[in-house]
Amino acid sequence: MVRLTRIYTRGGDKGETSLGDGARVPKHALRVAAYGTVDETNAAIGIARLHADPEADAMLGHIQNDLFDLGADLCTPEEGRRGASALRISAAQVERLEREIDAMNKQLAPLDSFVLPGGSAAAAYLHLARTVTRRAERLVSELAAAEPLNFEALKYLNRLSDHLFVLGRRLNDNGARDVLWRPGANR
């Protein structure tokens, strides 16, 4: 477990932060942007949970914990001082998301159009979390192109965006309250 006894350290006052292996990097470094955006995803999911039913809330609670695991994974470089012993996202976490997506999707009618964010408050917030997840995925993909990275981290974000989409549909009365895109409707 992590024990936080001091909230501020003044260590970042000059625009640098410490990675999980102790290395100091600029706060605008790609790795910091990637795990910072994962943290932003987590915050958006926290808002969605306020509007979720108990089953969805439980799934989202597991996801929020996974996102802290993902942040720990991303903040510790593979080739860094603590890389070999670092907490990493696992295939089992990705597979859990896939099982949940498959189970929820069985209850949903096929889509005839793209879904616009909305319907219920829970679905709208999940769409927001999904778009932040996609931004995190783009940053992690860019980071993976620049240096070694746990491939499961990128897979997790890819599945998570799908999970949030399908869960949003489920929380829109199994898709009955989905707001569908009508191409050219306002011409």
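**Reading the Terms of a Predicted Model**

Analyst: The chain has an accessible surface of about 10,700 Å², and carbon and sulfur atoms account for 53% of it. Accessible areas come from the Shrake-Rupley method with a 1.4 Å probe, and for residues only the protein chains shown count as cover. This is a predicted model, in which local features need pLDDT of at least 70 and side-chain atom pairs count only at pLDDT 80 or more, while totals for chains, interfaces and linings use all residues. Residues are numbered from 1 along each chain as its sequence is written, and side-chain values use heavy atoms, with hydrogens and water left out.

User: How do you know what confidence the chain has, and where is it lowest and highest?

Analyst: The predictor's confidence in each residue is given by pLDDT, on a scale from 0 to 100. The mean for the chain is 93, and 98% of the residues reach 70 or more. Strand S1 (residues 16-18) has the lowest confidence, at a mean of 85, whereas H3 has the highest, at 98. Where pLDDT is low, the predicted coordinates should not be read in detail.

User: What makes up the pattern of the chain?

Analyst: The chain contains five helices and four strands. Helices (H or I, at least four residues) and strands (E, at least two) are DSSP runs, numbered from the N terminus. In sequence order, the pattern is β-β-α-α-α-β-α-α-β.

User: Why is Arg81 called exposed?

Analyst: A residue is buried under 20% relative accessible area, exposed over 50%, and partly exposed in between (1.4 Å probe, protein chains only). Arg81 has a relative accessible area of 62%, so Arg81 is exposed. Its place is in the loop between H2 and H3. Leaving aside residues up to four places away in sequence, Arg81 touches Asp21 and Gly22, where contact means heavy atoms within 4.5 Å.

User: How do you know that Glu147 and Arg31 form a salt bridge?

Analyst: Side chains of opposite charge can pair when their charged atoms come close. A salt bridge requires a side-chain nitrogen of Lys or Arg within 4 Å of a carboxyl oxygen of Asp or Glu. The closest N and O atoms of Glu147 and Arg31 are 2.6 Å apart, and the two residues therefore form a salt bridge. Glu147 lies in the loop between helix H4 (121-146) and helix H5 (151-170) and Arg31 in helix H1, so the pair ties together parts that are 116 residues apart in sequence. With a relative accessible area of 32%, Glu147 is partly exposed, whereas Arg31, at 5%, is buried.

User: What makes Arg135 and Glu40 a pair that ties together parts of the chain?

Analyst: Their side chains meet in a salt bridge at 2.9 Å, N to O. Arg135 belongs to helix H4 and Glu40 to helix H1, so the parts tied together are 95 residues apart in sequence. Arg135 counts as partly exposed at 31% relative accessibility, and Glu40 counts as partly exposed at 37%.

User: Why are Arg169 and Asp178 called buried?

Analyst: Arg169 has a relative accessible area of 5% and is therefore buried. Asp178, at 12% relative accessibility, counts as buried. The side chains of Arg169 and Asp178 meet in a salt bridge at 2.5 Å, N to O.

User: Why is the pair formed by Phe114 and Trp181 called tilted?

Analyst: The structure holds one aromatic pair. Rings of Phe, Tyr and Trp (its six-membered ring) pair if their centres lie within 6.5 Å; planes under 30 degrees apart count as stacked, over 60 as edge-to-face and the rest as tilted. The ring centres of Phe114 and Trp181 are 5.8 Å apart and the planes stand at 45°, so the pair is tilted. Phe114 is exposed at 60% relative accessibility, and Trp181 is partly exposed at 41%.

User: What makes the nonpolar surface patch of about 380 Å²?

Analyst: The patch is made by Ile47, Leu50, Tyr125 and Leu128. Patches consist of residues with over 30% relative accessible area and no salt bridge; like charges are joined within 9 Å, and nonpolar side chains (Val, Leu, Ile, Met, Phe, Trp, Tyr) within 5 Å. Leu50 counts as exposed at 69% relative accessibility, and this residue is found in the loop between helix H1 (30-49) and helix H2 (54-75).
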